[in-house]
Amino acid sequence: MRRSRNESPAWDAKAAAHLLSRAEFGPTPETVARLASMSMEKAVDTLLDEAAEAEPPERPDWVKDVWVNTERRYADTTREAAAESHRTTRRRYAAEMNQLRSWWLGQMIAARRPLRELMTLFWHGHFATATGKVNISQAIYAQNATLRRLALGNFRALLRDVTLDPAMLMYLDLEDSDRAKPNENYARELYELFTLGIGHYTEADIKETARALTGWTLDGPKGASKGRPTAPDTPRDFARDGLIATFVPARHDDGPKTILGEKGRFELDDVIAIVSRQKATGQFLAAKLIDFFGAADPRGELRGRTAAAFEESRGEIREMLRVVFTSPEFYSEASRGSQIKSPVRLLVGACRQLKLDVTATPSLAQLTAAMGQELFNPPNVKGWPGGKAWVGAGTLAVRYHLPDALLDGKVPAGMEPLGSNRFLAVSRDAEQGRAMMDRIEGAMAERRAERMKGGLKCRFRAEALFPQGAPQDPAALVDDLLGRLVVTAVRPSTRATLIAACAGAQPDDRPAAVARLILASPEYQMA
Amino acid sequence: MIIRTGRRQFLRQAAGLTALTATVPGFLNKTASAFGKAAPIPGLNDDRVLVVVQLAGGNDGLNTLVPHGDDAYYKARPKLGVGAKKVLKVDEYLGFHPELVELKGLLDAGDLAVVQNVGYPNPDRSHFRSSEIWETASPADKAWTTGWVGRYFDSECAQVQSPVLGLQLGERPAQTFAGPRPRAVTLANPAILDWPADGPLAAGLEKINRVEPTGIDALDYVQRAANDTLALSKRLKEAMRDAKSPVNYAPFEFSQSLKLVARMIAAEVPTRVYYVSLTGFDTHAAQANRHAALLQELSQGLSAFHRDLKARGLLDRTLVMTFSEFGRRVAENKSAGTDHGTANVMFLTGGGIAPGLHGERPDLKAIDESGDLVYKTDFRSVYAAVLGGWFGADPGRILEGRFEPAPVLKAVKPTA
């Protein structure tokens, strides 16, 4: 039965499960029961309040209070010393990034208030910054902490902090932009991807904004001695003294500018204020949030109301979410069970919904990467395209390995690339060449072992899911698990297949057998 | 030959039948395996294959095909210039980088075509943007979203039944294959498609993924993709059962990718275009050693592939084409590296190529205001040659413009 758009949606367990499938990493019987016992408004308020109040997680132990550049070069650094410090630093960064990926997945799996983590993930895709270009692990951690801190806060504050975020300053080149040669990279993405969207600014606005944003760069802590000088023309990575955003007046262009129709001697805070006032910014963010949380909005009315909430609240992200999560559009038939889960939602959701024993290891993060969503490494500044792009033969194949990976901790074959790069030209002298190849192959094996260190530490225990014992009757067990795990329409053939598989399994294995097949079903790919 | 034609004819009819009867077109796995051996691609007139090789990051064309007879080259590159004595001389003016020993061998044997100074008007020096331009074949001032091969699949292969008309070995889907309908698959490692074929879970997996339309668009999309994935898994496993290769490849990713492609072509995986990448060409600093390693991998990988195809009797129906999003600036920078530039070289090998050097060599005295080469051959004229001469397609329609095909292929007419 189709409700009209203006009718307020019926609030029941199904609606609560739908909300939890989008605003958290999937419903559980406990969370559904809790929200269904409240009114919709109260349920949404509760989710938002709790997300806003969530305590930040403890940081990984390698994060320092003050970052030190261990590959810093000086005028008198020898070639050998420079090469050595570069190599060891990059190796450490790579290891720390492996840890950081699994650390974040671990937070999402364990989070008591998952909406905060989910919104952090949303902003990570919005303000995409990739380790392909920024490989300093601490900078990536710091950005993640900033996104989490302001995930449900005020957009204007978030935008300012992201603009001056060290990883962003590096990723979109603002750290090297000065009055002599303003770099337009950040200014362009600021308007195209972060706030206004294409069509709401001109090339002249970009040029003028780039001028206004000059002067900011990265430096060491105030007052710290500068130490020995760098050789001239040293690349930025080897000359950087710190990760602290610092304004250097001499680098700033303080002349008059015209930006989006306003005139003045603008600088960073003016740009943030001007762009936050634009109607297009509210509209753009509203559309992205509606898309991320998957509300069907064919007439754009929800978008209009969400943008209005942005305007009225002067950029409060929470108020926008409230409009989305209480809207008839969000609960309409067209919105339900119609969104393809991102790899992170899928994996984290499975761990939470099946109450798996999980320790997040690098291999666990490798799984989301193989499914097309490597944390901290979105494909480009536009973030992950999402939707149908999540599903191709290659990525779906990894999804089919999830039952083995998550229920039994088995690392699927084919997670590793076919080989590594040739970093050195191999000597063409037969004997020397052979000796070199032996060394290279040894090093390749070592790196492979490092990536797979710890393997997968996940286990399914039926008792965790059914402390009182699982239903004996196959149909009852299947319906119980489908009710827990699937929010979209279950095809009759799916249920029949599950019941047959269940009946064919040993009684002790039945919950696992059914859970496996559900994980590999088309229905479970949907939120 | 008659049997072969007959079999294809049969498959074409079967394909039509399936398309008519199935609600959602499936994959012809069962029909194909009824013959015991994998079938060529039903719906195509010939069994030709294209292998696109991406040199990602912007390959330094001037240190690949070295103008050793030009003083301006050595003046611009006091540190990085490849000495005239080391160069593998092609003629008085040009020579290959010393690590391209095997490619030089191919050139001498009449098995390699080299297109010099390839680029496009108003060059963009951003990796993203210039890759996009090469992959979509769009003019520099337009942002097309579909790839040039994706458009070929869409306009010329609409009736072809294959879940894997394009196959990329890599992690991120190449825009070259992007099209209105997905026809290509990207795999970092095809071993991921291997799961137990028998047992209750395998049977359940197949049953639970049988297509049953629900009216929920995304869910139906997932079902179709699932069906294709299962069929592909079966097909690849069947095809790859014989894992032997007649030649040895180096254990590196690029070489191993080509080794796999040769096996898949031999196994008649229904793929028209393969796509592999060699990454790391963005040599802004300390370029010499890094670039030498990359060229060695390119040279040894391509030549092993060439020998492999020849030994298997597949060379005549396989064309290999390399590209890179841009070349590097003529003058070296202060870090003994080179910055993003413009025009570049392309290599072609395999069936039907017209061997030797093509195009006009770059003029180092007529560089643009950024200090970059001015292209002479538009890359879209190379694409036009491949689309028209190799696939018998209409290049004007796919490239949305007329580009005189570069003479990189012998005048071969695709078999009707």
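B:Asn122 sits in the loop that runs between β5 and α5 (127–136) of chain B; helices (H or I, at least four residues) and strands (E, at least two) are DSSP runs, numbered from the N terminus. Its phi is positive, about 50°, although B:Asn122 is not a glycine. With 63% relative accessibility, B:Asn122 counts as exposed, where buried means under 20% relative accessible area, exposed over 50% and partly exposed in between (1.4 Å probe, protein chains only). Keep in mind that this is a predicted model, where local features need pLDDT of at least 70 and side-chain atom pairs count only at pLDDT 80 or more, while totals for chains, interfaces and linings use all residues. As for bookkeeping, residues are numbered from 1 along each chain as its sequence is written, chains are lettered from A and ligands numbered from 1 in the order in which they are written, and side-chain values use heavy atoms, with hydrogens and water left out.

Now step back into the strand. B:Asn117 is found in β5 (residues 112–119) of chain B, and it has a positive phi too, about 55°, without being a glycine. B:Asn117 counts as buried, at 3% relative accessibility.

From β5(B), move across to β10(B): these two pair in the antiparallel sense over 5 bridges, and strands count as paired if DSSP finds at least two bridges between them. B:Val118 has B:Asn344 in β10(B) as its bridge partner. Strand β10 covers residues 344–350 of chain B, and 7 of its 7 residues are buried. B:Asn344, B:Met346, B:Leu348 and B:Gly350 point one way, B:Val345, B:Phe347 and B:Thr349 the other way, and all are buried. β10(B) also pairs with strand β9 (residues 318–323) of chain B, antiparallel over 3 bridges, and here B:Met321 stands opposite B:Leu348.

Elsewhere in chain B, 3 strands make an open antiparallel sheet in the order β2-β4-β3. The edges belong to β2 (65–66) and β3 (88–89), each with a single partner strand, so one side of each has no neighbour in the sheet. β3(B) pairs with β4 (residues 95–96) over 2 bridges, with B:Gly95 in β4(B) as the bridge partner of B:Lys89.

What about the packing? Leaving aside neighbours within four places in sequence, A:Met119 is in contact (heavy atoms within 4.5 Å) with A:Ala151, A:Leu152, A:Leu289, A:Phe293, A:Ile317 and A:Leu321.

That brings us to chain A as a whole, with its 23 helices and 6 strands. Of its 527 residues, 54% count as buried. A compact globule of 527 residues would have a radius of gyration near 24 Å, and the 26 Å of chain A agrees; the radius is taken over C-alpha atoms, and the globule rule is 2.2 Å times the number of residues to the power 0.38.

Finally, confidence: chain A has a mean pLDDT (the predictor's confidence in each residue, from 0 to 100) of 93, and 98% of its residues reach 70 or more. Over residues 1–5 of chain A, though, pLDDT is below 50. Where pLDDT is low, the predicted coordinates should not be read in detail.
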